[in-house]
Amino acid sequence: MQLKDLFVALAIPALCTAAAIPQDTQFPDGEDIVGGEAASAGQFPFIVSIQRNGRHFCGGSLLNANTVLTAAHCAVGQAVAGLSVRAGSLNRASGGTVSAASAVRVNSGYVASTYDGDVAIIKLATPIPTSSTITYATLAAAGSDPASGTLTSVAGWGTLSSGGSTSPTLLQKVDVPVVSRATCQSNYPTRTITTNMWCAGLAQGGKDSCQGDSGGPIVVASTRVLAGIVSWGEGCAAAGKPGVYTRVGATAIRNFINANI
């Protein structure tokens, strides 16, 4: 996740946060998302691998049969042709259900230089129904803001280390506590942690999302409610540099989602 290293988001460009993975290598996540472990079937039944010509570069979450929620930095400049998602499989390269994209909608309020408003919607050409391995995400309540210390879980197929060149084939996940916005701002003194963002990580580092995880989900561990979108950060799992996530409960973010769902 995190623009990691370059303050690059996790999408295809080299922004890295949870930025996208470089083509075939895709950013894994630290050590499997950095300090995490392989996810089990049913833990993230709404997660999708967003792919360009069959190659994973970002994550996303199914909101309904034809709507995928992801990060704006994963969607900016993406043509519909060759863009698809794979749902219902822990393996980014096989299984599950694949659907081509029919439209890409980027939040008009997205500010690329700061990653504020980092949210986008991908509409699907062929609906993806629920099944034994697929369900739709439940969004955090409008206006909600994860409290400091709340345990959250983030998942993706990103690189296993900051700047890594290889990524896991199977979905990885890691649990990290929410960091207060004030503390996060002090961790990033030259950046602005807006109310459209929230942060999570360990003060000592060691656990985090990484390149290629961008756009994917971070949920409240106890409820599995989708509270954020992997957005940016500095490096992966570095001490004093928590991951930064788009706040799904923020008014501006929820208005965009509701207008495009």
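Analyst: A cavity is a set of points, on a 1 Å grid over the protein atoms alone, where a 1.4 Å probe fits but cannot get out; on that basis, a search of the whole structure finds 2 cavities of 30 Å³ or more. This is a predicted model, in which local features need pLDDT of at least 70 and side-chain atom pairs count only at pLDDT 80 or more, while totals for chains, interfaces and linings use all residues. Residues are numbered from 1 along each chain as its sequence is written, and side-chain values use heavy atoms, with hydrogens and water left out.

User: What makes the lining of the second largest cavity partly charged?

Analyst: The second largest cavity has a volume of about 30 Å³ (the space filled by probe spheres set on the points, joined across faces, edges and corners). Lining residues have an atom within 4 Å of a point, and among them are Lys207, Asp208 and Lys241. Because Asp, Glu, Lys and Arg count as charged, these three supply the 3 charged residues, beside 5 nonpolar and 3 polar ones.

User: How is the lining of the largest pocket divided by class?

Analyst: The largest pocket holds about 150 Å³ of space, and 14 residues line it, with Ala41, Gly42, Gly88, Leu90 and Thr133 nearest its centre. The lining comprises 7 nonpolar, 7 polar and no charged residues. A pocket is an open set with protein on both sides within 12 Å along at least five of seven lines.

User: Which residues have the most contacts inside the largest nonpolar core?

Analyst: Phe44, Ile50, Leu62, Val68, Leu69 and Ile257 have the most contacts within this core of 36 residues. They belong to it because a nonpolar core joins buried residues (under 20% relative accessible area, 1.4 Å probe, protein chains only) of the types Ala, Val, Leu, Ile, Met, Phe, Trp, Tyr and Cys through side-chain atoms within 4.5 Å.

How values were computed
Buried means under 20% relative accessible area, exposed over 50%, partly exposed in between (1.4 Å probe, protein chains only).
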